[in-house]
Amino acid sequence: MVPGTRIPNKSKTPQTCDALVVGGGPAGLAAGIALRQRGLDVFVADALIPPIDKSCGEGLTPDALRDLLRLGVPLSGGHRFTGIHFANRKPGREDLATAQFSAGEGLGVRRVELHRQLTEHAASIGVRLKWGCRVDLGDERTIGGRVFVGGEALSYGYLVGADGEGSRVRRWAGLERASLRSQRLGFRRHYRVAPWSEEVEVHWGDLGEAYVTPVAEDEVCVAVITGRSGLHFDAILGGLPYLRGKLGGRAIVGRDRGAVTSTRKLHRVTSGNVALVGDASGSADAITGTGLASAFREALLLADSLSRDAIADYERGHSAILRLPQTMASIMVSMDRRPWWRDRVLRMLSGSPDLFARFLAVHLGGESLPHFAATRGLQLGFRLLLPGVGCLACWRSSPVDDYQRTT
Ligand SMILES: Cc1cc2nc3c(=O)[nH]c(=O)nc-3n(C[C@H](O)[C@H](O)[C@H](O)COP(=O)(O)OP(=O)(O)OC[C@H]3O[C@@H](n4cnc5c(N)ncnc54)[C@H](O)[C@@H]3O)c2cc1C
């Protein structure tokens, strides 16, 4: 479909629709757009008024941008980035690792700007949008599919829960059964400063991680994530002196935001004519930077499935979307919890740039995890478990390795 083309809504009255999407965040809007592209009459309702802001690192990976194009949303503005940089600085030692994306670039874009462009596109193709309206699901699911949107009854064919991390639709539809693998807090702040790096920088510290995403020529977004209770933005930044030095004295733009970030794997994401999408449908810790990419993939899969009246296909395909991000989340959250493990992994990555590049390719789905494990597993195991004898595993020695072995 040509982006911007308005698809006529047929035969539906203001009180009925093919699909009602509860929540108009990135996942809900993407789902609305994808369903509309497939010709469904869609209604998206959100309790808030746009543009809706939220705590987010504001980095879109190359695969997220590709899926946005499929949704007909070629994002404009923001600031490109070319890869990921990890930094682990300790007194007397620093381990730095950089990897470029193997295909495409990422884009840092302010959350409100992403929301504005998604909203405009949704409206332009005929998604019915209702803002400032809480969807009241009632205590129990009614036969025939009817809920109240801003006090008015609305009948639907499908109900899509895109209502975020603490989803009420999930509870209401009996889809709460899940394994909660991690739960941490994330805060976001914007600084008026020209980006100093072409990559998203992830700074690892004992109190948590901070990552820096360029979002404009003169602005960066800093997200900090911690598993320790009672800590806020400045406390975590205080544990990262290098980054604090970069940001010291720079103007803070707008207001800080905080949110819970979790790694949650749901047992099921559909029940009858109800489906979950985005954070409501499960998530991977924010340190993976994949929440938006997963939401867009889920939206496309959902639309493909519902347009064929095959909701079971969505159920089957959904777990594959979150599998890799959740595996990566487990590894990265374990690095946050165990300093010795973090030091060992980051030392290994800093000495092996090619390994970090392939690790990033796996992270973004460019290389399969089984293939990576089959070709690099032995080397990786040696390097992590026996760092002193890692070279025995046919490892190509680098100047950094040599330096580290002699110091
Ligand atoms: C600190 C932090 C950093 C992150 N960094 C990144 C990153 O760099 N890259 C990335 O890809 N992802 C990142 N993420 C993850 C990403 O932000 C989420 O995956 C994404 O916001 C999920 O979008 P969503 O639409 O599912 O949920 P949300 O954005 O939470 O939207 C849910 C919407 O539902 C509405 N709603 C809820 N209940 C109702 C109701 N009853 N009626 C009507 N409306 C309702 C809410 O008002 C809200 O607008 C980060 C997350 C955190 C916390």
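Trainee: What are the ground rules?

Mentor: This is a predicted model: local features need pLDDT of at least 70, side-chain atom pairs count only at pLDDT 80 or more, and totals for chains, interfaces and linings use all residues. Residues are numbered from 1 along each chain as its sequence is written, and side-chain values use heavy atoms, with hydrogens and water left out.

Trainee: Which residues touch the most other members of the largest nonpolar core?

Mentor: L20, L60, L68 and L159, out of 64 residues in that core. A nonpolar core here is a set of buried Ala, Val, Leu, Ile, Met, Phe, Trp, Tyr and Cys residues joined through side-chain atoms within 4.5 Å. Buried means under 20% relative accessible area, exposed over 50%, and partly exposed in between (1.4 Å probe, protein chains only).

Trainee: Which helix gives the largest share of this core?

Mentor: Helix α7, residues 291-307, with nine residues. Helices (H or I, at least four residues) and strands (E, at least two) are DSSP runs, numbered from the N terminus.

Trainee: What does L20 touch?

Mentor: Leaving out residues up to four places away in sequence, L20 touches F43, V147, V149, L154, Y156, Y158, L159 and V160. Contact means heavy atoms within 4.5 Å. There is also a second, separate core of 28 residues, V202, M332, V345 and L349 among them.

Trainee: New topic. Where is D309?

Mentor: In the loop between α7 and α8 (311-337). D309 is exposed, with a relative accessible area of 61%. Its phi is positive, about 55°, although D309 is not a glycine.

Trainee: Which side chain does the D309 side chain make a polar contact with?

Mentor: That of Y158, at 2.5 Å.

Trainee: What about the backbone of E58?

Mentor: E58 has phi near 65°, a positive value in a residue other than glycine. E58 is in the loop between β2 and β3, and is buried at 2% relative accessible area. P51 lies in the loop between β2 (42-46) and β3 (59-60) too. The peptide bond from P50 to P51 is cis, with omega near 0°.

Trainee: Why flag those?

Mentor: Because most residues other than glycine have a negative phi, and most peptide bonds are trans.

Trainee: Last one. How many cavities of 30 Å³ or more does the search find?

Mentor: One. The largest cavity has a volume of about 60 Å³. On a 1 Å grid over the protein atoms alone, a cavity is a set of points where a 1.4 Å probe fits but cannot get out; lining residues have an atom within 4 Å of a point. Points are joined across faces, edges and corners, and a volume is the space filled by probe spheres set on them.

Trainee: Which element gives the most to its lining?

Mentor: β14, with three residues.

Note on methods:
A polar contact is a pair of N or O atoms within 3.5 Å; within protein, one must be able to donate a hydrogen and the other to accept it, and residues adjacent in sequence count only if both atoms are side-chain atoms. On a 1 Å grid over the protein atoms alone, a cavity is a set of points where a 1.4 Å probe fits but cannot get out, and a pocket is an open set with protein on both sides within 12 Å along at least five of seven lines; lining residues have an atom within 4 Å of a point.
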